[in-house]
Amino acid sequence: MIRAGALALLAALALAPVAVRAETAPQTSAEERFRNLPPEKQEELRKRFRELKELPPDERERLRQNLDRLNRMPADERAQVEDSFRRFREMPAEEREQILERWRKFKDLPPERRAELREQFRGVLRADPARRRQILENMRRWEQMTPEEREIARERFRQQKEERRLRKEERRQKKEQRRERKLERLHGR
């Protein structure tokens with residue numbers, strides 16, 4: 001769970017300066033900005049700081065590097081990260097845990113597969129809550145299947161896809177036949 005907490009901590013620390021900048025004047029010191037925050041935000045930052053101090057040094061260094069990378073991002077890219085984090089924080093705890101578990105598995109994949117999955121993940125985050133719940137439920141069910149059940153499901157999906165392709169082809173052929181009959185009638189054959 002350290003990694004899950006670290007991910008949340010990184011995001012909170014990365015976004016803390018945004019919250020501070022948004023709520024205070026630009027020409028103030030970090031201490032002044034902190035003191036100008038509402039008490040609940042101050043306490044949240046204190047709590048996050050304590051959590052950070054409890055992490056192993058290598059984990060803290062990795063978080064620092066990630067924070068540096070986030071701070072160097074172009075504004076539009078950073079806005080996307082902040083929006084994704086906001087959506088993540090708004091999710092129910094169970095959904096967040098499912099996503100964090102996926103993240104752990106994701107890190108072990110080859111780079112090209114990770115790139116493909118990143119785009120799919122963005123789609124899940126952009127989905128409305130009902131659709132997102134359905135996607136996560138489908139993923140949960142898939143993980144609980146045995147390899148044999150998965151193969152049966154894959155075969156069923158392949159069959160359904162082939163059936164849809166055949167129906168589409170049949171409709172196309174019927175449409176073509178109607179068009180040909182219409183042309184024949186027009187040309188008096």
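Hi everyone. Let me start with the surface: the chain has an accessible area of about 14,500 Å², and 53% of that belongs to carbon and sulfur atoms. Please keep in mind that this is a predicted model. Of the chain's 189 residues, 20% count as buried.

On to the fold. The secondary structure comes to nine helices and zero strands, so please read the pattern along the sequence as α-α-α-α-α-α-α-α-α. If we take contacts with a separation of 6 or more, 55% of them link residues 24 or more positions apart.

Now some side chains, beginning with the aromatics. How many aromatic pairs does the count come to? The count is one. That pair is Trp103 with Phe106, and it is stacked, with 5.3 Å centre to centre and 25° between the planes. Both residues lie in helix 6, which covers residues 93–106, and they are three residues apart, about one turn of the helix. Is Phe106 buried or exposed? Phe106 is buried, at a relative accessible area of 10%, while Trp103 is partly exposed at 36%.

Next, have a look at Gln42 in helix 3, residues 39–54. Gln42 has a relative accessible area of 13%, which means that this residue counts as buried, the cut-off being under 20%. What does the side chain of Gln42 reach? It reaches the backbone oxygen of Leu37, at 3.1 Å. Leaving aside neighbours within four places in sequence, Gln42 is in contact with Phe34, Arg35, Asn36 and Leu37.

Finally, the charged residues. Side chains of opposite charge can pair when their charged atoms come close. Here the count comes to 28 salt bridges, and I'll walk you through a few.

In helix 7, residues 111–126, Arg122 and Glu119 sit three residues apart, about one turn. They form a salt bridge whose closest N and O atoms are 3.3 Å apart. Arg122 is partly exposed at 39% relative accessibility, and Glu119 is partly exposed at 44%.

Helix 9, residues 147–187, holds Glu151 and Arg154, again three residues apart. In their salt bridge the closest N and O atoms are 3.4 Å apart. Glu151 counts as partly exposed at 39%, as does Arg154 at 33%.

Also in helix 9, Lys174 and Glu170 are separated by about one helical turn because they are four residues apart. Their salt bridge has its closest N and O atoms 3.4 Å apart. Lys174 is partly exposed at 42%, and Glu170 at 43%. Elsewhere, salt bridges with shared partners join Asp83, Arg86, Arg87 and Glu90 into one network.

Conventions:
Residues are numbered from 1 along each chain as its sequence is written. This is a predicted model: local features need pLDDT of at least 70, side-chain atom pairs count only at pLDDT 80 or more; totals for chains, interfaces and linings use all residues. Side-chain values use heavy atoms; hydrogens and water are left out. Helices (H or I, at least four residues) and strands (E, at least two) are DSSP runs, numbered from the N terminus. Buried means under 20% relative accessible area, exposed over 50%, partly exposed in between (1.4 Å probe, protein chains only). Contact means heavy atoms within 4.5 Å. Accessible areas come from the Shrake-Rupley method with a 1.4 Å probe; for residues, only the protein chains shown count as cover. Rings of Phe, Tyr and Trp (its six-membered ring) pair if their centres lie within 6.5 Å; planes under 30 degrees apart count as stacked, over 60 as edge-to-face and the rest as tilted. A polar contact is a pair of N or O atoms within 3.5 Å; within protein, one must be able to donate a hydrogen and the other to accept it, and residues adjacent in sequence count only if both atoms are side-chain atoms. A salt bridge is a side-chain nitrogen of Lys or Arg within 4 Å of a carboxyl oxygen of Asp or Glu.
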